[in-house]
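Please look at the sequence and the three-dimensional structure shown below. The paragraphs after it are intended as a guided reading for a student who is new to protein structure.

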Amino acid sequence: MFDIQREEINWGGTTLTLETGRIARQADGAVLATYGETTVLATVVAAKEPKPGIDFMPLTVNYQEKAYAAGRIPGGYFKREGRPSEKETLVSRLIDRPIRPLFLDGWRNDTQVIVTVLTHDLENDPDIVSMVAASAALTLSGVPFTGPIGAARVGYVKGEYKLNPAVTEKEASDLDLVVAGTADAVLMVESEAKELPEDVMLGAVMFGHNAFQPVIEAIIRLAEKAAKEPRDIAAPDLSEIEKAVLEIAEADLRAAYQIVDKQKRYAAVDAAKAKVVAALLPEDGEVRFPAEQVKTVFKEVQAKIVRWNILDTGTRIDGRDVKTVRPIVSEVGLLPRTHGSALFTRGETQALVVATLGTGDDEQFVDSLEGTYKETFLLHYNFPPYSVGETGRMGSPGRREIGHGKLAWRAVHPMLPPHHEFPYTLRVVSEITESNGSSSMATVCGTSLSLMDAGVPLRRPVAGIAMGLILEGERYAVLSDILGDEDHLGDMDFKVAGTDQGITALQMDIKIAGITEEIMKVALDQAKGGRLHILGEMGKALKSARAELGEYAPRIETIKIPQDKIREVIGSGGKVIREIVEKTGAKIDIGDDGTVKVASSDAKSITAAINWIKGIAAEPELNAIYEGTVVKTTDFGAFVNFFGSRDGLVHISQLAGQRVQKVTDVVKEGQKVKVKLLGFDERGKVRLSMKAVDQETGEDLEAKQKDGNAE
């Protein structure tokens, strides 16, 4: 019934198994991949006919995690998986980016890759095995995919590279890098690093590229046994159309790409396109070529004109040379009531970035296969349509917004102070108000500035730069601080972020069949110079964190109480802690280890809450003097609340050697006094003496405790 084919290798000390022929046999390609005890199923289905009316490849990648994979039941009311989580979105992008450039030109059939996590051993992250499984399924499917690709995670522990570190080993690593590519070249890199130098990062990329070669070989062996016949795809001959387009619009396009202003340039390009459409696709007259092919060729001609000009002259669309960064203006403290704000403008790209400091109540609970954990640093990136002068739908963030936000998060995260030293929840929101190239790197710069403006003690400022590539045969040019057009029409989007000490994040996407180690080295070295220049420009606004938090930011103070007192501070059903919060106005967070964080923008609220908590949790010391309040008077003395939650009796008999006839002549309810703890009576009641100054009237008070020996 089943025609099962398998390949098994030892990869990095763990067994990797690729199997096909047993599950999902109606898909064009299906591979069950197991690494350790983490198992994923990757399927590929492509439509039989091209999708009409489009000039792009319609590829969709969906990565999904099932709670049962880790023996868990989903949270929430419905108890089933819902919308994709942030990680599912990010891994979907991770799979998509290296496979997309490897489809043959002209493939227009709807193609869908679905990867499902079936089991997770809580040691081997499913993302790498998912990339491998998707590559294998595509290779078996018969679609025009020029892979396979391999992928690997690289760590850096104590100066040594580590292949596919386990989830539990990531904390000790200075690097979390994912690399993917073919047998010959690198296609994609995604990483977070702790200020590592360029040569270490390049070494990690090449280490990972070499390490996944056995995986590519295993996929090829599996394909030799189980691959379907490749589908026929006849790439149309577009040379005649290209010749016609060049004749009509080459001069106009060359002139358009001399215009520095983006909107004026786009208007000139649109005019050239309208001229081509009018000539080749007339409404009244003979249509010489298919409309989709004309649109495709026009884009290719645009790219060629831009690329030829850069390679031939070294001059870019806006007149810059290949290394120059656009003019930068950095501003901080723009918004009066926010905790921190920055406006970072680089050329025609601009990010308004706002930082907000919160407390433990604001931590984000993240439900993952590894379990639920708290996230204390949130970075959200928004890309409204007005930023590119267009109209568009406003809604929840898409894959691009989530991906760009996570890249900026990775860049800044290594520079944040440890949470136990700066116990705030941090949320940064980047509003892209203008965009013409690398708004994600503008977000990195703006995030660094806004956090420092809020008083967050970053170890060092972080900046980012986007690099591009034009590659034609043996000739190439690496471009610093690329424009949007250079991104669309070029061959690489290579983003590098870091401090003046090293790299904190690296992301690379290649639109061709890969790049060499030599080109990556040039790009990294050139990016370093650009990054240092940007840091210098940022420093004109703010070089380091402000000494004080913003006026409206909450203050947090931390105290420690005995663990056996936590229950008393919280109270039955939370009654006590709710009362403290209501009466003091402070926010209170109590950890399982007895760490108490008290937050408020009002210092008096913090002091009142801390004193109240100490009064509950601390044990009073004999002969120590405490501040107290008279809560009740009797014929024989007064009851004093002296420790927030403790009352004691002061038995008043004499004052300054004179017998007291009436207690209320000495003290009254609500009066502030200082009391001394003498001990406890046989019933465990607190015995106090009182000799202090009334803090309201300044009157000298003296009372004697009558315990058989009056003083």
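The model is predicted, so local features need pLDDT of at least 70 and side-chain atom pairs count only at pLDDT 80 or more, while totals for chains, interfaces and linings use all residues. Residues are numbered from 1 along each chain as its sequence is written, and side-chain values use heavy atoms, with hydrogens and water left out. Helices (H or I, at least four residues) and strands (E, at least two) are DSSP runs, numbered from the N terminus.

Let us begin with the sheet of eight strands. Strands of a sheet pair through backbone hydrogen bonds, either parallel or antiparallel. Two strands pair here if DSSP finds at least two bridges between them. The eight strands form an open sheet in the order E8-E7-E9-E10-E21-E20-E18-E19, and their pairing is antiparallel. At its edges are strand E8 (160-163) and strand E19 (475-480), each of which pairs on one side only. From one strand to the next, the twist averages 20°. Within this sheet, strand E18 (residues 463-472) pairs with strand E20 (residues 492-498) over seven bridges in the antiparallel sense. Gly468 stands opposite Asp493 in E20.

Which strands does helix H1 lie across? H1 lies across strand E9 (175-181), strand E10 (186-196) and strand E21 (503-510), and runs at about 130° to E10. Such angles run from 0 to 180 degrees between N-to-C directions, and axes are lines fitted to C-alpha atoms, for helices over the stretch in contact. Helix H11 (residues 517-539) lies across E10, E18, E19, E20 and E21, at about 145° to E18.

Helix H1 (residues 86-99) also packs with helix H8 (residues 399-412), at an angle of about 95° and with the axes 10 Å apart. That makes H1 roughly perpendicular to H8, a term that covers angles of 65 to 115 degrees. Contact means heavy atoms within 4.5 Å. On the H1 side, Glu86, Thr89, Leu90, Ser92 and Arg93 take part, and they meet Arg399, Arg400, Ile402, Gly403, His404 and Lys406 in H8.

Next comes helix H4 (residues 213-226), which has 14 residues and reaches 20 Å from its first C-alpha to its last, close to the 20 Å expected at 1.5 Å a residue. Its buried residues are Gln213, Val215, Ile216, Ala218, Ile219, Leu222 and Ala223, where buried means under 20% relative accessible area (1.4 Å probe, protein chains only). These buried residues pack against several elements, among them helix H2 (126-141), E9 and helix H3 (198-211).

Leaving aside neighbours within four places in sequence, Val205 is in contact with Leu177, Val179, Val186, Val189 and Met520.

Finally, consider the sheet of five strands. This open sheet has the order E11-E12-E13-E17-E16, with mixed pairing. Strand E11 (328-332) and strand E16 (377-382) are the edge strands, and each pairs on one side only. The twist averages 15° from one strand to the next. Strand E13 (residues 349-358) and strand E17 (residues 425-434) pair in the antiparallel sense over nine bridges, and the bridge partner of Ala355 in E17 is Val428. Helix H9 (residues 439-453) lies across E11, strand E12 (340-346), E13, E16 and E17, running at about 145° to E12. H11 lies across E11 and E12 and runs at about 45° to E11.

Definitions and conventions
Angles under 35 degrees count as roughly parallel, over 145 as roughly antiparallel, 65 to 115 as roughly perpendicular and the rest as oblique. The expected span of a helix is 1.5 Å times one less than its number of residues. Buried means under 20% relative accessible area, exposed over 50%, partly exposed in between (1.4 Å probe, protein chains only).
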